[in-house]
Amino acid sequence: MTPASNPGAAPTRREDLLARLGQAGTWDLVVVGGGATGLGVAVDAAARGLRVLLLESHDFAKGTSSRATKLVHGGVRYLAQGNVALVREALHERTTLLKNAPHLAQPLAFVMPSYKLWETPFYGVGLKMYDALAGSAGLGPTEFLSRRETLACLPTALPQGLKGGVKYWDGQFDDARLALALARTAAAHGALLVNYCPVTTLTHRDGKLSGLTCRDSETGREFSIRATCVVNATGVWVDELRRQDAEALKRTVRPIVAPSQGVHAVVDREFLPGTHALMVPKTADGRVLFGVPWMGKLILGTTDTPRGDLPREPRPFREELDFILGESARYLVRAPRREDIRSLWVGLRPLVKPGGDDGEPTKAISREHTVLVSRSGLVTVTGGKWTTYRAMAEDVLEKCFDAQLVARRPAGVTTNLPLVGAPSGGAVATSISAAPGLHLYGTEAAEVGSLPGSDRHLGGGLTAAMVRFAARHEYARTVEDVLARRLRLLFTDAALAAQLAAEVGALLQAETGADPQAAAFRELAASYLRMPA
């Protein structure tokens, strides 16, 4: 299969995946972790012709990679911090991502309203530098806006004291569906990807990592896997596998991840109608606040709070929600209240600790990624952000080659690699800001529409045909897989998602024969509506 190909739907029958997993042989590369980073590595390695296996303990993008602020960006605040190299790389990767998956990642205009005379020229000059760094990869020029023009872009911005604003361009995306597109693109290039299959132990021989054992969560069946190279891409959980690797060699390792959580509150679009996003570069405590139109709703966030534990479903602290609502009230005519929130969710960021200091505030900890190779040969990657997933994957493979863990293959194969569903020419008719629907499937929309139940609308843009497609072609096993990550209802309207659980569960069970875990999903949806005390 050539890198330029754009394959259609391929079946993801569980029994077929496990049958391949059980076959004898040695994998060139085994990736542990099915988030943005791990999936990016799998795509790149498979596209280079390596024999690739990826194992995910839960569902693809179950953790941090489905809980982003939905922005594909160069990082305006990193420019303010003087990290020009990180911004330049991210701007380049932003363009590549928007080109390779235009149905899932698109340009978005942001407006910074100015309530002090100095803000428009100050931030405007900084954003002109942002444009200059982007160069030909820019999405649109930065513009200085009058008061009237600012209100035209942000109709519900607080008019009292408004002086003007600055408009600039970045990108937005559907993070979970992009992760799924990566998984399916890797599979189209020959990789085997298995979700709900946690790694239980690492295997060593003569002091070197030689493979691992994994277990199918549904049946309990265990598989012994031989591997030339193992990549630990488990996000905020990378230190768990690093410890296991070190203990097998009677060594110790220091943790490298300092988790930080970001909270997001979702409300109806009436609080900020239109097609522009709100960006506040400096809130009362120095953080950034976004109001992003997405999937027919408005996302307000985010926070940056250190967290010592690593729950799979982190919940917000009261002060975080108070911060988001309080800052929103400073910029919007009608301030959202707790009762207006349709969904409240949290993502954990895997920030990399600085050497020798475990107590840095998270704003001072590196947003860049790091790649380490242990004495046994375990390759660990963490940090970074969604926008730069592709560049991170190339860095990981370079480390694998440099350590002579796998034979070197030429780089650059993913620069012009369309992901599954990407329309040729990059033309898209519907924005990601719009309510969800068939447009999110790109070139596969007609195939989804041809399945039984295409005219049976369940609610929130979801049809019975979409559930069937998720089960047959998108690795979905549970109601949560469908309503949280194949269609994003848990993140946009948790109450509606809970109402659809039984119907979606019945369709899934008919397709897969597995327990769709509808009751567990209803409990999860209730937690997305529970406000911190």
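Rings of Phe, Tyr and Trp, the last taken by its six-membered ring, are counted as a pair if their centres lie within 6.5 Å, and a pair is called edge-to-face if the planes are over 60 degrees apart. By this criterion the structure, which is a predicted model, holds 13 aromatic pairs.

One of these pairs is formed by F60 and Y475. Their ring centres are 5.1 Å apart and their planes stand at 85°, so the arrangement is edge-to-face. F60 belongs to the loop between strand 2 (52-55) and strand 3 (71-72), whereas Y475 belongs to the loop between helix 12 (464-473) and helix 13 (479-486); the pair therefore ties together parts that are 415 residues apart in sequence. Both F60 and Y475 are buried.

A further edge-to-face pair consists of F110 and F290, with 6.1 Å from centre to centre and 75° between the planes. Here the partners come from strands: F110 lies in strand 4 (residues 105-114) and F290 in strand 13 (residues 289-294), so this contact ties together parts that are 180 residues apart in sequence. F110 has a relative accessible area of 1% and is therefore buried. F290 is likewise buried, its relative accessible area being 14%. F110 and F290 also belong, with Y130 and Y168, to one aromatic cluster.

R51 lies over the face of W27, at 4.0 Å from the ring centre. In the case of W237, R312 lies over the ring face, at 3.9 Å from the ring centre.

Note on methods. Residues are numbered from 1 along each chain as its sequence is written. This is a predicted model: local features need pLDDT of at least 70, side-chain atom pairs count only at pLDDT 80 or more; totals for chains, interfaces and linings use all residues. Side-chain values use heavy atoms; hydrogens and water are left out. Rings of Phe, Tyr and Trp (its six-membered ring) pair if their centres lie within 6.5 Å; planes under 30 degrees apart count as stacked, over 60 as edge-to-face and the rest as tilted. Helices (H or I, at least four residues) and strands (E, at least two) are DSSP runs, numbered from the N terminus. Buried means under 20% relative accessible area, exposed over 50%, partly exposed in between (1.4 Å probe, protein chains only). A charge sits over a ring if NZ of Lys or CZ of Arg is within 6 Å of the ring centre and within 35 degrees of the ring normal.
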